[in-house]
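Take a look at the molecule below, then work through the two exercises.

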Amino acid sequence: MTAAAPSRLRVVAPVGFAQLVGYGGTYYLPAILAAPIGRDLGLAPSWTFAGLSAALVVSSFIGPAVGRFVDNGGARQALVAANIAFAAGLALLGSAHGPLAMAAAWLIMGLGMGLGYYETAFAALTRLYGTSARNSISGVTLIAGFTSTVSWPLMAWLEAHFGWRGVCFFWVAANLLVALPLNLTLPAPGPLPERSATPHGAEERASALSPAAERRAMIAVGLMFTATAIVSSGLSALMPRLLVQFGASQTAAIAASALIGPAQVAGRLAEMGWLSRYNPLLSARLATLFLPIGAGAMLIGGPALAYPFTALYGVGNGILTIARGALPLALFGPAGYGRRIGILSAPARIAAAIAPVALGLLFDALGAMGLIAMAALNLVGFAALFLAPAARRT
């Protein structure tokens, strides 16, 4: 961290709460509003989920450019622009009376996702704190980890009293009156730690990887991000259905699925505490193993182990969220971090966009045995990390 770097709490708390608002009004919105939107507009609920998928694809295309912009000191502007895009998209969605307006609303929100989701926040923290940003990244994900816990009950209550359009305009106000002012408090960054320019203007990387080693590391981390994104996005949408296919009752499936949120927070607390003593490569490897262990237990023990399974999945997923920010920092250093994380996240976001539909078809074909495919994807991510060079502790 540079001498001029600001206090961690003064930065982490506002950014974390702004992320909670940003994700709550976009990524978590279809789970509550897809059905009422469909009833009102005469569309299947899948249209709303398709809108979210399209938005994630849009965000993947602009991610690398946004990362370069943040590397050049534009984090605050990007995060504020995201809140404006979210508000504009939600206002259009709340006013929509047909599929075209709804589609346009999600595309605008996709611009906001590319400008202001986790990757931009992680790059902003790295721009401020350099190689010591790991705990700040963990702090932001810890706060934002309560998004579903806060947003789903809140949206359900608001929808019951004010309708789905009222929920959309609530999030418009939350973005403009809460998240945007919070993001405006982000300090302007000073000179990037551990960065210097070569005579040709290229950045000198703190990690000192050779070009070949960097390419290998980018491929390894990108493969891990993509494999685990498929699992995370797919199971987030399908977990209760999966547990029912294993023989759990609907009530037990919902109750077990509710454990995922607290378990993710537990994983993030572990990353901030005990695991912070080790480099993020070890944390990421460990996190990819929780789901395969839980899946093996479920395949042997059946629905009686639904609660341990969802808890293990949640802990691993919580740690992996932090790894998305901490691992590139440990491998490549802070110079050019925004550009690299934008490139690494692009295929993962596209995969996350198609995962719920693809995995739904998979589970239709294979039933509960589709869980083996999910465990295999996590093991692909685990194996890929052995292609990466050793990471420095951060």
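Axes are lines fitted to C-alpha atoms, for helices over the stretch in contact, with angles from 0 to 180 degrees between N-to-C directions. Helices are DSSP runs (H or I, at least four residues), numbered from the N terminus.

This is a predicted model, where local features need pLDDT of at least 70, side-chain atom pairs count only at pLDDT 80 or more, and totals for chains, interfaces and linings use all residues. Residues are numbered from 1 along each chain as its sequence is written, and side-chain values use heavy atoms, leaving out hydrogens and water.

**Exercise 1.** Work out how α9 and α10 are oriented to each other.

Step 1: The axes of α9 (residues 211-245) and α10 (residues 250-257) come within 8 Å and cross at roughly 135°.

Step 2: α9 and α10 are therefore oblique to each other.

Step 3: In the contact (heavy atoms within 4.5 Å), α9 supplies Met239, Pro240, Leu243 and Val244, while α10 supplies Gln250, Ala253, Ala256 and Ser257.

**Exercise 2.** Now find the orientation of α12 relative to α13.

Step 1: Helix α12 (residues 280-301) and helix α13 (residues 306-332) have axes that come within 8 Å and cross at roughly 160°.

Step 2: That angle makes α12 roughly antiparallel to α13.

Step 3: Residues in their contact include Phe290 and Leu291 of α12, and Phe309 and Tyr313 of α13.

Technical notes:
Helix = DSSP H or I, 4+ residues; strand = E, 2+ residues; numbered from the N terminus. Parallel < 35°, antiparallel > 145°, perpendicular 65-115°, else oblique.
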